[in-house]
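Subject: Handover of a structure for your review

Dear colleague,

Please find the sequence and structure below. My findings follow directly after.

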Amino acid sequence: MTKLSDLGQPIHGKLHGGEDIPEEQHFYPCPYCGQKVDQRDLRQVFWHEGPGHEPLEMEQGAEIINFPNRAK
């Protein structure tokens, strides 16, 4: 399984336009594997763009953030 650190140093993305957004809006579920992707780390974004990939392995000290389901 691939670890996030296997992808190299963090590549920080920037928010373009608008104001700061709430923390939970920096994440989206990957349509292929379902793992939450932090859009501020472009390594994660690039990894999850390819179909057929596996989820990234969580590393010691990494934290999984779970957000409550919101009614639509």
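The protein chain exposes about 5700 Å², of which carbon and sulfur atoms supply 51%; accessible areas come from the Shrake-Rupley method with a 1.4 Å probe, and for residues only the protein chains shown count as cover. This is a predicted model, in which local features need pLDDT of at least 70 and side-chain atom pairs count only at pLDDT 80 or more, while totals for chains, interfaces and linings use all residues. Residues are numbered from 1 along each chain as its sequence is written, and side-chain values use heavy atoms, with hydrogens and water left out.

Overall architecture

The protein chain contains 1 helix and 2 strands, arranged along the sequence as β-β-α. Helices (H or I, at least four residues) and strands (E, at least two) are DSSP runs, numbered from the N terminus. Of the 72 residues, 19% count as buried, where buried means under 20% relative accessible area, exposed over 50%, and partly exposed in between (1.4 Å probe, protein chains only). Among contacts with a separation of 6 or more, 45% are between residues 24 or more positions apart; a contact means heavy atoms within 4.5 Å.

Helix and strands

In α1, the residues R43, Q44, V45 and H48 are buried. The cover over the buried residues of α1 includes β1 (27-29) and β2. Y28 lies in strand β1. Leaving aside residues up to four places away in sequence, Y28 touches Q35, K36, V37, Q39, V45, H48 and E49. Y28 and D38 are 10 residues apart in sequence, and their C-alpha atoms are 7.0 Å apart in space.

Salt bridges

The structure holds 3 salt bridges, each defined as a side-chain nitrogen of Lys or Arg within 4 Å of a carboxyl oxygen of Asp or Glu. In one of them, the side chains of R40 and E23 meet at 2.9 Å, N to O. This pair links distant parts of the chain, 17 residues apart: R40 is in the loop between β2 and α1, and E23 is in the segment before β1. R40 is partly exposed, with a relative accessible area of 28%, and E23 is partly exposed at 38%.

R40 also forms a salt bridge with D38, with the closest N and O atoms 2.9 Å apart. D38 counts as buried, at 14% relative accessibility.

D41 is found in the loop between β2 (36-38) and α1 (42-49), and its relative accessibility is 10%. Residues up to four places away in sequence aside, D41 touches L4, P10 and I11.

Cysteines

How many disulfides does the rule give? The count comes to 0 disulfides, a disulfide being a pair of cysteine sulfur atoms within 2.5 Å. C30 counts as buried, at 4% relative accessibility, whereas C33 counts as partly exposed, at 24%.

Yours sincerely
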